[in-house]
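Here is a short briefing for a reader new to this structure. Please keep the sequence and the 3D view at hand.

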Amino acid sequence: MAELKKEPVDATPNVSDVKAPAAGAEAVAALDKSMGRGEPILQVRNLVKHFPLTQGILFKKQIGAVKAVDGVSFDLYAGETLGIVGESGCGKSTVARLLMTLERATAGEVFYKGQDITKLSGRALKAVRRNIQMVFQDPYTSLNPRMTVGDIIGEPYEIHPEVAPKESRRRKVQDLLDVVGLNPEYINRYPHQFSGGQRQRIGIARGLALNPEIIICDEPVSALDVSVQAQVINLMAQLQDEFKLSYLFIAHDLSIVRHISDRVGVMYLGKMAEIGTDTQIYDHPTHPYTQALLSAVPVPDPSAREGRDRIILTGDVPSPANPPSGCRFRTRCWKAEERCATEEPLLAIPERFVEGTTPATHESACHFAEERSVLVS
């Protein structure tokens, strides 16, 4: 990833006026402490990104903003995989770009080992990026077609020459190719000479080049065939154990997320709706949106399909430029009451589950959160 020569400018005016809503950080921290997870390696607090909507050509005037991310909070611990799921347009990929500072946050904080990286630039940001790398969604457009595989994987060494002397870089690139399951002799080939799965392996090798601690995976297998998806997912799980990596894994496929993730966060319209362990989210969901999302998972067994609890949502997804007041899911929720329109629910452990130790004891942003069993394959 090339070093930024100039700090990107956020086009949103009056950034200091944007207030991130509370997200129940105290409840999250208390639960993490009780589970013995230790200190998180990455902390996201009330992260906000608003993209301005303007009109006019010569004299542009802001008429609104697309609230792509509007108060997201979560923690990532060393050696774990946190999966982020949600429908298209909910803000998952924007969160990934904010964590990499490819986009500047409108408000909020991102702490890497206690340091707020949203305020960094220049050399300080470059040093942090060495430890936080990214694997992009499309293996066809994320690789430069004019560069050989050796140049693509070796480019991080040009930006961070202290990691590998010039005389050893070719050997390191070949070692990385071998680690991700490619022939080291492919070092002089170009991206168009590889299949989609092989290209994504090249992208993973590039992400591993600087020995990072965190890899942000933005739907890394969504563009691949199902059989190739399994190969890449298994490779990533193997690399996590070998290199002691922490993953933020963004995906649409719920089964893939469950397979690879230790904890799962569910996003809806720029906010985190529910977060917990894979068992808590998949087997004991408490937020209505999570329950509806899981009920939509196809079930291959016809007999099981007949008796499943299917939830059909009505209405369209609201626009992020004009989200509903209060709870953003209320316009499609069968539990919605007047309170949902006037009071925004916090991402916290529901009061009815605070004193318990059941799998339903996890964070859920719903005034009327309750456990509901949903049959999934």
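This is a predicted model: local features need pLDDT of at least 70, side-chain atom pairs count only at pLDDT 80 or more; totals for chains, interfaces and linings use all residues.

The protein chain has a mean pLDDT of 86. The largest pocket holds about 320 Å³ of space.

**Confidence**
- Of the residues in the protein chain, 89% reach a pLDDT of 70 or more.
- Across residues 1-25 the pLDDT is below 50. Leaving aside near neighbours in sequence, this stretch still has 45 contacts in the model.

**Helices H4 and H5**
- Helix H4 spans residues 149-159, and helix H5 spans residues 166-179.
- The two helices pack at an angle of about 120 degrees. Their axes lie 9 Å apart.
- The crossing of H4 and H5 is right-handed.
- On the H4 side, the contact is made by Val149, Gly150, Ile153, Gly154, Tyr157 and Glu158. H5 brings Arg169, Lys172, Val173, Leu176 and Leu177.
- Sorted by class, this contact has six nonpolar, two polar and three charged residues.

**The largest pocket**
- The lining of the largest pocket is made up of 15 residues.
- Nearest the centre of the pocket lie Arg339, Pro350, Glu351, Cys366 and His367.
- Eight residues of the pocket lining are nonpolar, two are polar and five are charged.

**Cavities**
- The model has six cavities of 30 Å³ or more.
- The second largest cavity holds about 60 Å³ of space.
- Residues lining the second largest cavity include His287, Pro288, Cys327, Phe329, Arg330 and Cys333. Lys335, Ala336, Cys340, Cys366, His367 and Phe368 also line this cavity.
- The lining of the second largest cavity has eight nonpolar, two polar and two charged residues.

Note on methods: Residues are numbered from 1 along each chain as its sequence is written. Side-chain values use heavy atoms; hydrogens and water are left out. On a 1 Å grid over the protein atoms alone, a cavity is a set of points where a 1.4 Å probe fits but cannot get out, and a pocket is an open set with protein on both sides within 12 Å along at least five of seven lines; lining residues have an atom within 4 Å of a point. Grid points are joined across faces, edges and corners, and a volume is the space filled by probe spheres set on the points. Ala, Val, Leu, Ile, Met, Phe, Trp, Tyr, Cys and Pro count as nonpolar, Asp, Glu, Lys and Arg as charged, and the others, Gly among them, as polar. pLDDT is the predictor's confidence in each residue, from 0 to 100. Contact means heavy atoms within 4.5 Å. Axes are lines fitted to C-alpha atoms, for helices over the stretch in contact, and angles run from 0 to 180 degrees between N-to-C directions. Helices (H or I, at least four residues) and strands (E, at least two) are DSSP runs, numbered from the N terminus. A crossing is left-handed if the near helix is turned anticlockwise from the far one by less than a right angle, and right-handed if clockwise.
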